[in-house]
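Please read them alongside the coordinates.

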Amino acid sequence: MQPQTITVLGAGYVGLTTAALLAHANYKVYVVEPNQERLDVIKTGKSFFYEQGLDPVIKLALEAGSLIPTDSYKESVPESDVVFSCVGTPDNPDGSSNLTYVFAAAEETAKHAKKGVIYVQKSTVPVGTGKQIEALFSKLNASIDYVSNPEFLREGTALYDTLFFDRVVVGGDNRKAVDAILDIYMDLEQFRDHIAHIARIPTGSRGDQYIATTLNSAELIKVTANAFLALKISFANSIAKLADKADADVVEVMDAVGADNRIGRAFLDTGRGYGGGCFPKDVSGLISSALEHGVDLEIMQAAQSLNQSMPGYIVDKLQDAVGSLADKKIAVLGLSFKAGTSDVRKSPGVAIANILQQNGATVVTYDPQAHEEAAPDLLPDIHQVNSIEAAIDGADVTVITTEWEDILAYSARDFARHMQGSVLLDAVNKYDAKDASAAGLQYIGVGRSA
Ligand SMILES: NC(=O)c1ccc[n+]([C@@H]2O[C@H](COP(=O)([O-])OP(=O)(O)OC[C@H]3O[C@@H](n4cnc5c(N)ncnc54)[C@H](O)[C@@H]3O)[C@@H](O)[C@H]2O)c1
């Protein structure tokens, strides 16, 4: 029988998106969120983070009664045929995955679930975690089928990625449970154009593959995919460092290298490196879980340290060019870890702003969406302003740290007009050195000395 009622545990980037979309595919969906502040915002028909198209989808589903936000497992789980776990899996101080929320959610579900429920793990977990949760369910005498359904959405295009996907992966030892979850995604696919219309997001199918695997393979697919993308970025940035020394332009290099279909251009963008709530912790979690299996993933350790070096490397480049940063007014444009999201977790823009401030600069920052989120991570003397003009007015140096459209819409000439100094440090490698020079600016890219 088709599942009717679904509970989604955790209303973060993944959980809220998943819940809101499924609520438009003829399911009754509870979304359980223990954080009262977040829950209160969701109940008003909005998301507590910025994600294009999500608010109207939440609002309509709330009005229709198909999406029910709650903080209660007791209210939601007993009625549900399927429970999606989308709780956070942050990193521990040693880099390993913190699975506290994952196990707490599974244990609480086991207390309330009816017999035969399918428990779907969407949180990113180290390979082998599912087997441990199956053991936990069996210890608690809970009759629950467990499957892994790793999430591949990207913040900023979360709705599009879920509706128009490359692949949906579901792994588990019970084929019937795996198929039931694949069926839910096939149902969602029937509604995707309609939902995209509500959200006003682009449409257009991609791979649309449905892939069934074993439990352990599904878990490993997720972390491998993210590790490989992180590896590509770090590889490109290591070549950027060489290009800086060898008088080459890494953007030209990557454009031509990426034109080879076997390689592909995606994730060869160079500059401030990766951040966010996924890549950094997924890479460190993979390194740590591989070590537990006696495997030393040196290649990922290299990718991780290269990435961690990028903010400092970029500030060093600036110091090489302008000397001491003491008393320089520096505008940092972009605090979210990438464009399209207000997420500032492990954001290189925040790291760069803090290093500049520690080096004595007067730092003023601007971000179109992430002011509130960034505030706790920025050093106390860093000043946030509400417009690009307010940030760059009278600045000695402007640093571009996030590729937001409204920031890139600013031409080199616009910067030159407002700034007091003339240094444009392009940490996302999006500006043209010739345009900058024509506008009277000194252009510093990453790996673009030519
Ligand atoms: N954010 C992404 O782009 C993305 C993409 C793919 C996969 N993932 C993975 O998905 C998972 C969730 O990521 P996120 O970014 O949505 O995290 P998040 O931190 O934004 O959201 C997690 C939510 O779970 C809630 N929560 C914690 N304990 C709970 C419990 N016991 N029961 C119910 N809710 C609970 C938290 O309050 C929080 O709101 C992580 O494992 C992450 O690695 C994230």
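1. A polar contact is a pair of N or O atoms within 3.5 Å; within protein, one must be able to donate a hydrogen and the other to accept it, and residues adjacent in sequence count only if both atoms are side-chain atoms. By that criterion, a polar side-chain atom of Glu33 sits 2.6 Å from an oxygen atom of the ligand. For Thr89, the distance from a polar side-chain atom to a ligand oxygen is 2.5 Å. An N or O atom in the side chain of Glu155 lies 2.7 Å from a nitrogen atom of the ligand.

2. On provenance: this is a predicted model, in which local features need pLDDT of at least 70 and side-chain atom pairs count only at pLDDT 80 or more, while totals for chains, interfaces and linings use all residues. Residues are numbered from 1 along each chain as its sequence is written, and side-chain values use heavy atoms, with hydrogens and water left out.

3. There are 24 residues around the ligand (a heavy atom within 4 Å). Those that come nearest are Glu33, Arg38, Tyr73, Thr89 and Lys281.

4. Helices (H or I, at least four residues) and strands (E, at least two) are DSSP runs, numbered from the N terminus. Asn35 caps the N-terminal end of helix α2 (residues 36–43), with a side-chain oxygen 3.1 Å from the backbone nitrogen of Glu37. Just after α2, Gly45 has a positive phi of about 90°.

5. Six strands form an open parallel sheet in the order β11-β10-β9-β12-β13-β14 (pairing needs at least two DSSP bridges). Its edge strands, β11 and β14, each pair on one side only. Four bridges join β12 (residues 397–400) to β13 (residues 423–426), and Val397 has Val423 as its bridge partner.

6. Where is Ser336 placed? Ser336 is in the loop between β9 and α14. Ser336 is buried, at a relative accessible area of 1%. A polar atom of its side chain lies 3.3 Å from the backbone oxygen of Thr341. Beyond four places in sequence, Ser336 touches residues including Asp367, Thr402 and Trp404.

Notes: Buried means under 20% relative accessible area, exposed over 50%, partly exposed in between (1.4 Å probe, protein chains only). Contact means heavy atoms within 4.5 Å.
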